[in-house]
Amino acid sequence: MSHTLRQPFLNLLSRQFMIPLITLGLLSPTNASNPHTSPIENGDFQRWTSEGPEAWARGKGSYRQDQTMSYSGRSSVKMTHPDGEKTPAAMLMQDIRLQPDREYEIRLAMATEGAGSVAVRVQPIINGKPAPKQDLLLNWSSVWSWSTPWTPIVLKFKTSAHPQYRIAIASYGQSGESAWLDGVTIAQSADASVESEEAASIYTRSTLLPWTPEESFKATERTGAINLSATPGDYEAAFLGLKAHRDLAEVDVQLEGALRSAQGQTISADAVVIRMLREQALLPKSKTRAAEAGQQLAWWITVRVPDDAAAGIYQGNLVVRAGREIVSTVPYSVHVEPFRLPALDIPAFVYHAEAYFPPGDFLSEEKRLAYYRDMKEHGMNTVTIYNTPDVNGREVDFDRDYRFSALTQEKLDQAKARSGQSAAEWESRQALGINQVMDLALRSGLVTKEFPVLWLPIKVAGYGFGAMPSEALEKSYAYWKSREDWPEFLLYVLDEPNGQPERIAAAKDALKRIKGLDLPVKTGTANVPVEELGDDYDVWIQIENRVSAEMAQAAKEHSAELWTYNCNMPTENAIFTRAFFGLWAYRARVKGIGLWVYYDANTWYIDENDVIHGRNGPGRLSRICPSPAGPVPTISWETTRDGINDYRHAMLFDQLLKQARERIAAQGDSANPELSVALRLAEDARKKIIQSIPVDAMSLMGELPWAVANKEFVPVIGFGD
């Protein structure tokens, strides 16, 4: 098995099993063993002697460090059961000290080669001897696994009056089979009192777990290090929290210089962006601020791995300061993987209508370019164009937007007054035609010829989306085709006609006329009524709760592409956007995916002094907030990018599965037993992680109240949710 297949295959077999757990908000991938709160030594199995993992006593069987299987750090312990044993068990043990009469949690992750279990025992040591069975705090508490992927384990117990304990973790399975352990930590269940000289406590958790400054961090979330994995050219984020124990001034987090690998390579400090979590789920770049005793703050720390970064572990330190005082130093490392992710194979977009932007300097050429670049950096690969070149039904002009040209002067004056824009700003917005829009989108790298742009031409008080007069549409198509560098367009005809008889009738008329022009123009809209218009549209952009196996089959029967969109998910909901664009989209095999909206809040912005004005609209749907420095992301906009990367990981995983099957078919199982075992484990994992996700996982959305109540909606995507 060549390195080009083996290394990515085994890495994906292990690391990406974590995706569903993170998506469900079950566990943060960023915690290493915690030296501040966990008495377990070497719980992430990074340190090894010639005999086995440092600080651990061992039972029967063999033990080795496995750097292709990891959960909380960069490696795990692979425990292989002894051959020929009647009751095979591999065991690790460690003696630790705990505070008497306290509630504790022991956490670890396990994976098994076949069906097996791990059992945990917590045994007091009294006068130097292990206590008898009746005094055990956990007596071989067992958790089962049916092969890979990783299973997280959380067990609670209460200490007795004694300070010393023996922790034993045993793995049971078939003779000669292996099991993996990683991320073993113990911490008090509730936050303990903090010594008076400590200025603040530092925490980390999954970026997908909802958090507000009023929510207390858990003792189990206290951190000693943040370890991330990422691929070249991509992003990875971590959450860092602080609880002040006395008044602190000028609190901030900074990366101390560049990240460096053992081979001397670096990732510049500029590649790491530190953002403070603010109200309305906003993430502006961090600035110093005061924290009163008892107050909590939180940051998102995002690394963008350079495209040319060599594989390896890049290390540095995050320094939490209060003025000149160093409050905490947190080791921070990024494991750059030895493989790259494939490009997304479907169009992904966020609806973008500039009419919603507030008055002021938010739509300059520089800002518009920044918005398109921001979309690209968050995983999008196409865009919507709300722009109309139709001058009068017969002539077209691609250097100006004629959306309002059908209004009477009185109505036009009213529209200008409602916009709050100056006369000069109103004119500058109308002077932006499709030529200028496409130039910016192409310069940004957001659009290419691979995927169409979604074009929504409209005449206010004239006609609805896509219902342009025939002569103007024919000339628009001819001009569009003459621009050889432009992608094709998907013409959006009318809007959301499902259940709307008047819109259905209007759509039928418009589509019949467009098809009669004999132009090779594809048409689509959101929320297509299948019975009435299924044969008329080329692309069905169905609301996510209508996506099902039955809908996919119907689209196939009508020779239509099934796309999906969401238009009611508030930006506080980080889990939804990751699942929506990620593993669910991959499982549903939709042919395109979109989200409302990039910005639709009208008056919400951040000024040059970092003051937030207005609110994120009634539905809290804007993914970004404009500012003089450019777009400020919300948490769900960040996790939209995470979802896109999940999708791309799944793409690569399936590509590698196919390669492995083909190689085994050509060579036979016996020619490469290691590959055969890895393939079996990988196929089991795929069933649990991808195949187990219901295609109609989003169907519950239709049962929930509109928008606001959906803040906490989490799709059921399987894997024991």
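Residues are numbered from 1 along each chain as its sequence is written, and side-chain values use heavy atoms, with hydrogens and water left out. Because the model is predicted, local features need pLDDT of at least 70 and side-chain atom pairs count only at pLDDT 80 or more, while totals for chains, interfaces and linings use all residues.

**Exercise 1.** Describe the second largest pocket by its volume, its lining and the elements that supply that lining.

*Solution.* Begin with the volume, which is about 680 Å³; a pocket is an open set of points on a 1 Å grid over the protein atoms alone where a 1.4 Å probe fits, with protein on both sides within 12 Å along at least five of seven lines, and a volume is the space filled by probe spheres set on the points. Next, find the 28 lining residues, of which V273, R275, K285, P631 and P633 lie nearest the centre (a lining residue has an atom within 4 Å of a point). The elements giving two or more residues to this lining are strand 18 (272–276), strand 20 (296–304), helix 3 (365–377), strand 34 (632–633) and helix 13 (635–667), where helices (H or I, at least four residues) and strands (E, at least two) are DSSP runs numbered from the N terminus. Helix 3 gives the most, with 4 residues.

**Exercise 2.** Work out how helix 11 (residues 574–581) is placed against helix 13.

*Solution.* First take the axes, which are lines fitted to C-alpha atoms over the stretch in contact, with angles from 0 to 180 degrees between N-to-C directions: those of helix 11 and helix 13 come within 7 Å and cross at roughly 30°. Helix 11 is therefore roughly parallel to helix 13, a term for angles under 35 degrees. Finally, locate the contact (heavy atoms within 4.5 Å), in which A574, T577, R578 and F581 of helix 11 meet residues of helix 13 including I635, T639 and Y647.

**Exercise 3.** Give the distance and angle for helix 13 and helix 14 (residues 673–691).

*Solution.* The axes of helix 13 and helix 14 come within 10 Å and cross at roughly 145°. Their contact includes F653 and L657 of helix 13 and L675 and L679 of helix 14.

Key:
Parallel < 35°, antiparallel > 145°, perpendicular 65-115°, else oblique.
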